[in-house]
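Let's take a walk through this one together, from the overall layout down to individual side chains. Have the sequence and the model open as you read.

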Amino acid sequence: MTPTTATPSVARRKGKGFKKSKLGWNLLGLLVFVTAGFPVYWMLNTAFKPAKDAIDPNPHFFPTTWTLDNFRRALDINDFWGPVGRSLVVSVVVVVIGILVGMLAALAISRFAFRGRKVVIVGILAVQMVPLVAMIIPVFLLLNDLGQYDKLTGLIITYLTFILPFTVWTLRGFIVNIPKELEEAAMVDGCTPTGAFLRVVFPLLAPGMVATSVYGFIQAWNEYLYALMLMSQQNQTATVWLSNFITKNGTEFAPMMAGSTMLSLPIIALFLVVQRKMAAGLTAGAVKG
């Protein structure tokens with residue numbers, strides 16, 4: 001067999017192998033999408049079906065009857081807007097403080113050499129490894145001694161204890177991937193260190209800050225355990241509010257799913273607003289330099 005006849009055959013085999021590999025990855029991606037998306041679909045399916053169909057022992061994958069009664073029931077039970085407003089305030093304040101403090105801490109760890117720097121980095125990682133449930137009793141006792149029990153400020157401080165380390169570690173990764181030479185060039189042109197950061201580093205860091213902010217907001221918005229233990233029923237947050245559908249007569253699944261759907265809207269809206277910045281932020285730290 002001559003080389004001129006072998007080359008097209010090898011190319012065809014490689015092409016077929018590439019197509020099979022691509023098909024396999026596409027099927028795997030489809031499987032992951034279905035697995036992750038089915039709970040969301042089932043939430044929406046249950047939210048729009050009549051309450052009696054939600055407890056049917058033979059569930060239907062597609063609703064036969066659509067209704068908005070579950071949403072009316074969710075809005076009427078125990079002050080829907082109060083818990084939503086409190087969750088929104090807590091989440092926004094936690095994200096703002098976390099980003100401001102986390103950015104400065106990440107900048108110090110990434111750009112400055114100081115004694116104990118490695119200890120700080122290891123400490124940040126260690127804090128993230130501690131299960132949140134293990135700290136709930138010490139946190140409760142501490143907030144009670146400080147007079148912050150059943151207050152939004154106490155809940156904000158508590159959320160910062162586990163969101164701030166995540167923010168610092170994530171932003172550090174983005175700052176490390178911004179070359180120091182850019183700041184040095186700006187200072188050679190006459191900028192101060194602060195001016196070099198604001199004009200050079202900050203614009204490059206913005207996508208990473210957006211991505212980190214979104215994840216921090218989701219963590220604060222969806223947190224349940226600390227909100228349940230540290231806040232009374234009068235000051236409950238949105239996630240704890242969902243427990244109102246668990247009554248002595250059983251769980252009202254359809255209104256609960258309607259409430260869950262409404263509580264998902266702020267997260268969806270946030271993703272729609274910042275999706276481009278977030279996509280850039282998720283890939284910004286993937287390549288060194």
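Start with how the chain folds back on itself: of the contacts between residues at least 6 apart in sequence, 72% join residues at least 24 apart, where contact means heavy atoms within 4.5 Å. Bear in mind that this is a predicted model, so local features need pLDDT of at least 70 and side-chain atom pairs count only at pLDDT 80 or more, while totals for chains, interfaces and linings use all residues. Residues are numbered from 1 along each chain as its sequence is written, and side-chain values use heavy atoms, with hydrogens and water left out.

The chain has twelve helices and two strands, taken as DSSP runs numbered from the N terminus (helices are H or I, at least four residues; strands are E, at least two). Reading from the N terminus, the order is α-α-α-α-α-α-α-α-α-α-α-β-β-α. Of the 289 residues, 36% are buried, meaning under 20% relative accessible area, with exposed set at over 50% and partly exposed in between (1.4 Å probe, protein chains only). The accessible surface of the chain is about 17,600 Å², and 70% of that belongs to carbon and sulfur atoms; these areas come from the Shrake-Rupley method with a 1.4 Å probe, and for residues only the protein chains shown count as cover.

Now for the inside. In soluble globular proteins, nonpolar side chains tend to be buried together. The largest nonpolar core here has 38 residues, of which Leu171, Leu205, Trp241, Phe245 and Leu263 touch the most other members. A core in this sense is a set of buried Ala, Val, Leu, Ile, Met, Phe, Trp, Tyr and Cys residues joined through side-chain atoms within 4.5 Å. Helices H3 (69-76), H4, H5 (117-129), H7 (152-176), H9 (193-222), H11 (238-241) and H12 (253-284) each supply at least two residues of this core, and H9 gives the most, with nine. Apart from it lies another core, of 17 residues, including Leu143, Leu155, Tyr159 and Val240.

Leaving aside neighbours within four places in sequence, Phe245 is in contact with Ala74, Ile77, Gly250, Thr251, Glu252, Pro255 and Met256. Phe245 also belongs to one aromatic cluster with Phe80, Trp81 and Trp241.

What about the aromatic pairs? There are twelve in the structure, a pair being rings of Phe, Tyr and Trp (its six-membered ring) with centres within 6.5 Å; planes under 30 degrees apart count as stacked, over 60 as edge-to-face and the rest as tilted. Phe48 and Phe71 make a tilted pair, because their ring centres are 5.0 Å apart and their planes sit at 50 degrees. This pair links distant parts of the chain, with Phe48 in helix H1 (residues 3-48) and Phe71 in helix H3, 23 residues apart. Phe48 is partly exposed at 23% relative accessibility, whereas Phe71 is buried at 13%. Phe80 and Trp241 pair edge-to-face, at 5.0 Å centre to centre and 70 degrees between the planes. Here Phe80 comes from the loop between H3 and H4 and Trp241 from helix H11, 161 residues apart. Phe80 is buried at 4% relative accessible area, and Trp241 is buried at 0%.

Asn70, Phe71 and Ala74 are buried in H3. They cover an arc of only 100 degrees around the axis, so they lie on the same side of H3; the arc is that of the directions from the helix axis to the C-beta atoms.

Over in H4 (residues 81-111) you'll find Ser91, which is buried at 0% relative accessibility. Beyond its neighbours within four places in sequence, Ser91 is in contact with Phe217, Ala220 and Trp221.

Most residues other than glycine have a negative phi. Asp150 has a positive one, about 65 degrees, although it is not a glycine. Asp150 is partly exposed, at 21% relative accessible area. Met229 is found in helix H10 (residues 225-230) and is partly exposed at 41%.
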